[in-house]
Amino acid sequence: MRLRVSKLQILPRAPSVCPSARSLASRTHAQRLPAHTVLSCQQHAPQLFDPGALRMHACSFKVYTRTGDGGSSSLFSGERRRKDDAVFAALGHTDELNAAIGLVRAVCAEAGSPLGQLHMQLGEVQSRLIDVGSAIATPPSTSQTARVARTAFDGDGEAALLEGWIDAMDAELPQLKTFILPAGGQLASTLHLARAVCRRAE
């Protein structure tokens, strides 16, 4: 399965590497980051970070901006809203879900080849959640048409793909007749955690 990345993660080749990005790569062991990892900077939209080639826009990259110290933050549309706005709550839940799925993928990676397919499927889900976050951060009522179009994606098609994976897995399991406790080992427990976060995000 070939992992697709978000439409916003477009990275042209650059002759130089942002020093701050290089520093961040060193501090976070970027050589182990998946190829769909997203970084952003003050001058550019979210960009795809290629840990293999370490290609990045020449820019001044910071992991903080202090622009939200007053209690507001900006959306992809450029609009500023208070940090207690429902949009930022939705973005936080979506981000938390993506992180929870990342934890599941780490468990899959440790297990090796038997869980390789699930690892790739969850990577696809993570990439689509980036698209979801981009769409949430671009409210149609207050965003330019071009920006709304840039963050649009085929939600129905993605849901159908996900449901196909679920049906294939369900076909291999005995019929579920009762509620089950959220446990069953490290992998099952992390999946339950991601499921619970997903319910809140939804």
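Student: What share of the 202 residues of the protein chain counts as buried?
Tutor: This is a predicted model; local features need pLDDT of at least 70, side-chain atom pairs count only at pLDDT 80 or more, and totals for chains, interfaces and linings use all residues. Residues are numbered from 1 along each chain as its sequence is written, and side-chain values use heavy atoms, without hydrogens and water. Buried means under 20% relative accessible area (1.4 Å probe, protein chains only). By that cut-off, the buried share is 30%.

Student: Which element of the protein chain has the lowest mean pLDDT?
Tutor: pLDDT is the predictor's confidence in each residue, from 0 to 100. The chain mean is 77. Over residues 7-58 the pLDDT is below 50. Among the elements, α6 has the highest mean (96), and the lowest (40) belongs to strand β2 (residues 47-48).

Student: How should predicted coordinates be read where pLDDT is low?
Tutor: Confidence sets the limit here. Where pLDDT is low, the predicted coordinates should not be read in detail.

Student: How many nonpolar residues are in the lining of the largest pocket?
Tutor: The lining has 44 residues, with Leu 162, Ile 166, Met 169, Leu 191 and Arg 195 nearest the pocket centre. Six lining residues are polar and eight are charged. Ala, Val, Leu, Ile, Met, Phe, Trp, Tyr, Cys and Pro count as nonpolar; their number is 30.

Note on methods: On a 1 Å grid over the protein atoms alone, a cavity is a set of points where a 1.4 Å probe fits but cannot get out, and a pocket is an open set with protein on both sides within 12 Å along at least five of seven lines; lining residues have an atom within 4 Å of a point. Buried means under 20% relative accessible area, exposed over 50%, partly exposed in between (1.4 Å probe, protein chains only). Helices (H or I, at least four residues) and strands (E, at least two) are DSSP runs, numbered from the N terminus. Contact means heavy atoms within 4.5 Å.
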